[in-house]
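Here's a quick tour of a protein model for anyone new to reading structures.

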Amino acid sequence: MADDLGDEWWENQPTGADSSPEASDGEGGGDTEVMQQETVPVPVPSEETKQPKECFLIQPKERKENTTKTRKRRKKKITDVLAKSEPKPGLPEDLQKLMKDYYSSRRSVIELEELNLPDSCFLKANDLTHSLSSYLKEICPKWVKLRKNHSEKKSVLMLIVCSSAIRALELIRSMTAFRGDSKVIKLFAKHIKVQEQMKLLEKRVVHLGVGTPGRIKELVKQGGFNLNPLKFLVFDWNWRDQKLRRMMDIPEIRKEVFELLEMGVLSLCKSESLKLGLF
């Protein structure tokens, strides 16, 4: 009986081939999970996430830009040099030298000598301590008496030559203490026609004229302005514009000044009827 029970028990035991589906499923599921974990590919970082490389490439560019900026700052302009240099007052020798340099390639040696002006035709130069009114009072202390005796039209007693119309207006405002009741005329091209200025000169007696060499030269050329009664010719020599240029540093102005001098000014200076001043 024991043998029968043993056989019966042995037959009822599951074999490896007859194993339950649950058991086999359980073991198989575990194996697939392990295989899936082992075969999952590791994500490769994209190029966008490679920030260290991008930072490494950007840094040299920033350094180059910084070096170029520092190089630009080291460069000095002519205006910077002039701004730091001490201003020097103009002298009669400066005008004489400019005239020789301007005419050296156009005139002979004898003609260049004829351009030399005697020292007696020059007034005392401004030493950069004067205002325009104080300078004019110094070079012409008898102005009130002189203007009372002036009665000729189409002329002035004193002519101030500058580089621009804006500068001419500034000079007119700054000479109030000197001019008093004197009649002043603006002799520049901005907003004023030549014919209008000629009519004003013909209509009344004028004592003071302030303007640019180009317009003054044109008035003389057209017969609307007579230089013979002129007693004082003052150049706005030492004033500098925003670019730190004086009027004789500008090629166009310098050319017009010398052309004006040749239209009778030099001959009047040599005859000592006209005095030149450098303000």
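Predicted model: local features only at pLDDT ≥ 70, side-chain atom pairs only at ≥ 80, totals over all residues.

Let's begin with R167, which counts as buried because its relative accessibility is 10%, under the 20% cut-off.

**The salt bridges around R167**
- R167 pairs up with D236 in a salt bridge, and their closest N and O atoms sit 2.7 Å apart.
- That pair links distant parts of the chain: R167 belongs to helix α9, D236 to the loop between β4 and α13, and they are 69 residues apart.
- D236 is buried too, with a relative accessible area of 2%.
- R167 also forms a salt bridge with E170, this time with 3.2 Å between the closest N and O atoms.
- E170 and R167 are both in helix α9 (residues 165-174), and being 3 residues apart puts about one helical turn between them.
- E170 is partly exposed, at 31% relative accessibility.
- Put together, R167, E170 and D236 make up a network of salt bridges.

**Another salt bridge to spot**
- The whole structure has 9 salt bridges, and one of them joins E262 and R107, at 2.2 Å from N to O.
- E262 is in helix α13 while R107 is in the loop between α5 (92-103) and α6 (109-114), so this pair ties together parts that are 155 residues apart in sequence.
- Both ends are partly exposed: E262 has 39% relative accessibility, and R107 has a relative accessible area of 25%.

**The sheet**
- In what order do the strands of the open sheet line up? The 5 strands run β2-β3-β1-β4-β5, with parallel pairing.
- β2 (184-187) and β5 (275-278) are the edge strands with a single partner each, so one side of each has no neighbour in the sheet.
- From one strand to the next, the twist averages 20°.
- β1 (residues 158-161) pairs with β4 (residues 232-235) over 4 bridges, in the parallel sense, and I160 has V234 in β4 as its bridge partner.
- Helix α13 (residues 251-270) lies across β4 and β5, at about 145° to β4.

**How confident is the model?**
- The chain's average pLDDT is 80, and 69% of the residues score at least 70.
- Confidence is highest in β1, at 98, and lowest in helix α2 (residues 21-39), with a mean of 46.

Definitions and conventions:
Residues numbered from 1 in each chain as written. Heavy atoms only, no water. Pairing = 2+ DSSP bridges. Helix = DSSP H or I, 4+ residues; strand = E, 2+ residues; numbered from the N terminus. Axes fitted to C-alpha atoms, helices over the stretch in contact; angles between N-to-C directions. Contact = heavy atoms within 4.5 Å. pLDDT = per-residue confidence, 0-100. Salt bridge = Lys/Arg side-chain N within 4 Å of Asp/Glu carboxyl O. Buried < 20%, exposed > 50% of the residue type's maximum accessible area, 1.4 Å probe, protein only.
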